[in-house]
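Here are some friendly notes to read alongside the structure.

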Amino acid sequence: LSVGIGFGLQNVVNNIVSGLILLAERPIQVGDWVVVGDQEGIVSHINVRATEILTFQKASVIVPNSEILSSVVVNWTHRTPRGRIDIPIGVAYGSNTNRVREILQECAEQHPDVQKVPTPQIVFKDFGESALCFELRVFVPDISQRLAVASDLRFAIDAAFREAGIEIPFLQTDIHLRDLDRIEKLFGSFRDTAGKDGQPGNS
């Protein structure tokens with residue numbers, strides 16, 4: 001019975017010790033925006049045994065303290081609320097890349113929540129399968145507003161691209177048919193047979 005109780009209390013003691021470490025070292029604090037596993041939200045309470053995270057859907061997630069110490073935790077607001085937003089953009093091949101850069105720069109500079117220092121960066125990342133791949137990188141003073149700022153920038157970029165005639169392509173796939181001549185002859189024989197039977201052939 002003592003051995004069973006000891007094993008049963010092992011996780012409890014582990015969580016309590018982990019909670020004391022969290023309270024002492026303070027890698028996360030109440031009000032921080034954290035990502036633990038597949039859970040993301042604001043730290044609302046740090047107790048001795050577990051930490052409570054309030055998600056953006058207003059659901060409370062109770063995470064054992066030992067799990068926080070033993071897994072990778074992303075803390076968006078650990079030292080500073082400032083953060084960077086990366087927005088990938090693809091434009092069609094043949095687009096004026098210099099004009100694309102100018103539009104992205106203008107959209108970033110016109111947004112009131114985008115910081116002037118560091119200056120926004122436009123990166124030509126790659127030649128993709130269906131698009132020229134760019135990325136707009138901007139800093140905001142409050143990373144908790146990153147979703148709203150990113151959404152505003154995408155609206156502005158889409159409107160500016162439409163006005164400038166720059167196309168944002170969709171995924172394209174080329175299909176190659178083998179023995180195309182044989183297929184054409186086969187359809188031709190079907191048409192001839194249908195014509196001899198007195199029925200109109202369909203192309």
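This is a predicted model: local features need pLDDT of at least 70, side-chain atom pairs count only at pLDDT 80 or more; totals for chains, interfaces and linings use all residues.

1. Strand β2 covers residues 39-46 and strand β3 covers residues 50-55, and the two are joined in the antiparallel sense over five bridges. If you want a place to start on screen, find I42, which stands opposite L54 in β3.

2. Next, a single residue: N65. This residue sits in helix α2, which spans residues 65-70. Is N65 buried or exposed? N65 has a relative accessible area of 0%, and buried means under 20%, so N65 counts as buried. Its side chain makes a polar contact of 2.7 Å with the side chain of T51. Setting aside residues up to four places away in sequence, N65 touches N15, S18, G19, L22, N47, V48, R49, A50 and T51.

3. Now the other sheet. Three strands form an open sheet in the order β6-β8-β7, and the pairing is antiparallel. The edge strands are β6 and β7, each pairing on one side only. From one strand to the next, the twist averages 25 degrees.

4. The pairing of β6 with β8 deserves a look. Strand β8 takes in residues 132-140, and nine bridges link β6 and β8 in the antiparallel sense.

5. Which residues of β6 lie on its covered face? They are G83, I85, I87, I89 and V91, while R84, D86, P88 and G90 form the uncovered face of this strand, residues 83-91. There is a simple background to this pattern: in a regular strand, side chains alternate between the two faces of the sheet.

6. On β7, have a look at V123. V123 belongs to strand β7 and is partly exposed, with a relative accessible area of 24%. The C-alpha atoms of V123 and E135 are 5.1 Å apart, although 12 residues separate them along the chain. Apart from neighbours within four places in sequence, V123 is in contact with C133, F134, E135 and R137.

7. Helix α3 comes next. Its 14 residues, 97-110, reach 20 Å from the first C-alpha to the last, close to the 20 Å expected at 1.5 Å a residue. The buried residues of α3 are V100, I103, L104, C107 and A108. Why do they line one face of the helix? Seen down the axis of α3, these residues fall within an arc of 130 degrees, so they line one face. They pack against β6, β7 (121-127), β8 and α4 (146-164). At the start of α3, a side-chain oxygen of N96 comes to within 3.1 Å of the backbone nitrogen of N98.

8. Helix α4 can be read in a similar manner. With 19 residues, α4 reaches 26 Å from its first C-alpha to its last, close to the 27 Å expected at 1.5 Å a residue. V149, A150, L153, I157, A160 and F161 are its buried residues. These residues cover an arc of only 100 degrees around the axis, which puts them on the same side of α4. The buried residues of α4 pack against β6, α3 and β8. On the face turned away from the buried side, you will find the exposed residues L147, F155, R162 and E163. Just after α4, G165 takes a positive phi of about 75 degrees.

Conventions:
Residues are numbered from 1 along each chain as its sequence is written. Side-chain values use heavy atoms; hydrogens and water are left out. Two strands pair if DSSP finds at least two bridges between them. Helices (H or I, at least four residues) and strands (E, at least two) are DSSP runs, numbered from the N terminus. Buried means under 20% relative accessible area, exposed over 50%, partly exposed in between (1.4 Å probe, protein chains only). The expected span of a helix is 1.5 Å times one less than its number of residues. The arc is that of the directions from the helix axis to the C-beta atoms. Contact means heavy atoms within 4.5 Å. A polar contact is a pair of N or O atoms within 3.5 Å; within protein, one must be able to donate a hydrogen and the other to accept it, and residues adjacent in sequence count only if both atoms are side-chain atoms. Axes are lines fitted to C-alpha atoms, for helices over the stretch in contact, and angles run from 0 to 180 degrees between N-to-C directions.
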